[in-house]
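Please open the structure in your viewer and keep the selection tool at hand.

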Amino acid sequence: MGLLEGKTALVTGIANKRSIAWGIARAFDREGARLILTYQNDRLKENLDKLVGDLSNAPILVAPLDVSDDGSLTALAERIGDVTDALDVLVHSVAFAKGEDLSGRFLETSREGYHLAQDISAYSLTALVRALYEPLKNAGRASVMAMTYQGSIRVMPNYNVMGVAKAALESSVRYLAFDLGREGIRVNAISAGPIKTLAAAGVKGISSALHSTVERAPIAENITTEDVGNAAVFLASPWSERITGHVLYVDSGFHIMGF
Ligand code: NDP
């Protein structure tokens with residue numbers, strides 16, 4: 001029997017087969033979860049339609065979601081309400097910043113670029129949890145998780161505005177964990193090491209981040225979306241029942257290193 005048998009899990013942020021969210025969806029599927037998947041636009045829906053053929057169980061719902069649009073969040077909650085009263089697991093795997101804000105000096109970040117990165121990459125977690133509060137509460141013991149990166153606490157050249165957004169995201173995880181703990185809802189983050197995905201390709205210097213992991217991390221290997229998927233299964237399962245407000249590093253130990 002799978003670790004997530006009988007659980008309903010929403011996974012956001014699948015752009016293609018390289019997406020971290022796809023690694024998580026596959027791991028959840030392997031462990032017997034009933035999946036709800038979202039896509040941002042019609043182009044991505046086509047990708048998703050092809051990918052879901054690889055799952056052992058068809059998702060119970062595939063629906064559009066633009067996290068920057070409150071109407072879209074409300075519509076998703078309604079669609080979910082049509083298929084289930086309870087949502088056991090919610091995965092936030094969404095981020096966006098303007099390309100021009102992901103290289104050069106952080107100093108040059110515009111007000112508009114800053115707001116955009118914060119809105120889509122950080123506030124969206126709170127917005128999503130607010131929109132899905134009822135089904136999460138109904139689950140009794142729900143688990144929410146967000147994807148973050150170590151650029152939140154250390155300077156990673158070029159990560160810039162996204163590092164600041166990830167700091168806000170991790171702080172939101174702690175405040176939400178406090179707000180929702182008594183309702184049985186846990187909120188955590190996974191801080192993944194660098195992985196070559198569509199979003200990562202937008203950050204100048206991803207290749208040197210990958211190279212640094214192999215060169216400097218205690219486990220001298222880059223991580224995979226499967227590694228993140230397995231950590232997500234742990235956070236979604238009863239084996240992590242007393243863990244909340246935590247940032248779990250899945251980075252081959254890179255974060256413990258000084259020189
Ligand atoms: P992907 O590009 O595969 O996934 C990012 C997803 O966010 C895409 O599906 C993207 O859609 C979606 N998205 C962007 N804007 C919106 C929006 N307004 N509404 C809904 N969805 C939106 O990259 P990753 O898998 O790398 O990224 C997933 C998460 O993991 C992000 O939070 C990222 O910061 C984090 N992360 C990534 C690391 C890495 O090295 N790859 C390391 C650590 C954390 P679209 O393509 O249409 O923009």
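The tour below visits some helices, then a few single residues.

Before you start, note that this is a predicted model, in which local features need pLDDT of at least 70, side-chain atom pairs count only at pLDDT 80 or more, and totals for chains, interfaces and linings use all residues. Residues are numbered from 1 along each chain as its sequence is written, and side-chain values use heavy atoms, with hydrogens and water left out.

**Stop 1: helix α2**

Select residues 42–51, which form helix α2. Helices (H or I, at least four residues) and strands (E, at least two) are DSSP runs, numbered from the N terminus. Now colour Leu-44, Leu-48 and Leu-51, the buried residues of α2. Buried means under 20% relative accessible area, exposed over 50%, and partly exposed in between, with a 1.4 Å probe and protein chains only. Look down the axis of α2: its buried residues line one face of the helix because they fall within an arc of 55°. That arc is taken from the directions from the helix axis to the C-beta atoms.

**Stop 2: helix α3**

Which residues of α3 are buried? Pick out Ser-72, Leu-73, Leu-76 and Ile-80. They sit on the same side of α3, because they cover an arc of only 100° around the axis. Among the elements covering them are β1 (8–11), β2 (34–39), β3 (61–64) and α4. The face of α3 turned away from this buried side carries exposed Asp-70, Glu-78 and Asp-82.

**Stop 3: where α3 meets α4**

Show α3 (residues 70–83) together with α4 (residues 111–131): their axes come within 9 Å and cross at roughly 40°. Axes here are lines fitted to C-alpha atoms, for helices over the stretch in contact, and angles run from 0 to 180 degrees between N-to-C directions. Which residues make the contact? On α3, select Leu-73, Leu-76 and Ala-77, and on α4 select Ala-127, Leu-128 and Ala-131. Contact means heavy atoms within 4.5 Å.

**Stop 4**

Is Thr-148 buried or exposed? At 4% relative accessibility, Thr-148 counts as buried. Not counting residues up to four places away in sequence, Thr-148 touches several residues, including Lys-166, Ala-189 and Val-247.

Gln-150 lies in the loop between β5 and α6 (160–180), and Gln-150 also counts as buried, at 4% relative accessibility. Leaving aside neighbours within four places in sequence, Gln-150 is in contact with Met-156, Ser-191, Tyr-249, Asp-251, Phe-254 and His-255.

**Stop 5: two positive phi angles**

In the loop between β5 and α6, find Asn-158. Asn-158 has a positive phi of about 80° although it is not a glycine, and Asn-158 is buried, with a relative accessible area of 16%.

Finish at Ser-252, in the segment after β7 (247–250). Ser-252 has a positive phi of about 60°, and it is not a glycine. Ser-252 is buried, with a relative accessible area of 11%.
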